[in-house]
Amino acid sequence: MEITIDDWILDDSVEKSMKKLGLVPEETLKGKTWDVEEFRHNCLGGKGRAWVKREIFDRYPETYVENGGFVVDPFPGTGRKTIIYAYDASLWVNEHYHEFNWGVK
């Protein structure tokens, strides 16, 4: 005996199972941007703005977009703001967190 099941039923069932098992991210960082506040809270344990600028932006110019990084305008002037590409920033922090001066305020 052969049973026929529509593809859409199987696809839906597999998708639900993958989500239930945590195999599909609920939210992706690709295409999202953060400001410095979101970056420091999401990636840097809530370190202060001054710490982020000194310990990340000053020490790692490779993070600047013009150098192939993820930060646009790390030291903005009046009327401008820093833009951080969330996906690339989170990958970079994951690779470099052991280099940071976490004990410095």
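Student: Which residues is Glu55 in contact with, leaving aside neighbours within four places in sequence?
Tutor: Glu55 is in contact with Tyr60, Asn101 and Val104. Keep in mind that this is a predicted model.

Student: Where does Glu55 lie?
Tutor: Glu55 lies in helix 3, residues 49-58.

Student: Is Glu55 buried or exposed, and why?
Tutor: Glu55 counts as buried because its relative accessible area is 5%, and buried means under 20%.

Student: What polar contacts does the Glu55 side chain make?
Tutor: One joins the side chains of Glu55 and Arg54, at 3.1 Å. Another goes to the side chain of Asn101, at 2.8 Å.

Student: And which salt bridge involves Glu55?
Tutor: The side chain of Glu55 meets that of Arg59 in a salt bridge, 3.3 Å from N to O. Arg59 is partly exposed, at 39% relative accessibility.

Student: How many salt bridges does the structure hold?
Tutor: Six. Among them is Asp73 with Arg80, the closest N and O atoms being 2.7 Å apart. Glu37 and Arg40 form another, at 3.0 Å.

Student: How far apart are Glu37 and Arg40 along helix 2?
Tutor: They are three residues apart in helix 2 (residues 36-43), so about one helical turn separates them. Glu37 is partly exposed at 28%, while Arg40 is buried at 13%.

Student: Which residues are linked in a network of salt bridges?
Tutor: Glu37, Arg40 and Arg49 are linked that way.

Student: New topic. Which residues make the nonpolar surface patch of about 770 Å²?
Tutor: Met1, Ile3, Ile5, Trp8, Ile9 and Leu10. Ile5 lies in the segment before helix 1 (7-20). Ile5 is partly exposed, at 44% relative accessibility.

Notes: Residues are numbered from 1 along each chain as its sequence is written. This is a predicted model: local features need pLDDT of at least 70, side-chain atom pairs count only at pLDDT 80 or more; totals for chains, interfaces and linings use all residues. Side-chain values use heavy atoms; hydrogens and water are left out. Helices (H or I, at least four residues) and strands (E, at least two) are DSSP runs, numbered from the N terminus. Buried means under 20% relative accessible area, exposed over 50%, partly exposed in between (1.4 Å probe, protein chains only). A polar contact is a pair of N or O atoms within 3.5 Å; within protein, one must be able to donate a hydrogen and the other to accept it, and residues adjacent in sequence count only if both atoms are side-chain atoms. Contact means heavy atoms within 4.5 Å. Patches are made of residues with over 30% relative accessible area and no salt bridge: like charges are joined within 9 Å, nonpolar side chains (Val, Leu, Ile, Met, Phe, Trp, Tyr) within 5 Å. Accessible areas come from the Shrake-Rupley method with a 1.4 Å probe; for residues, only the protein chains shown count as cover. A salt bridge is a side-chain nitrogen of Lys or Arg within 4 Å of a carboxyl oxygen of Asp or Glu.
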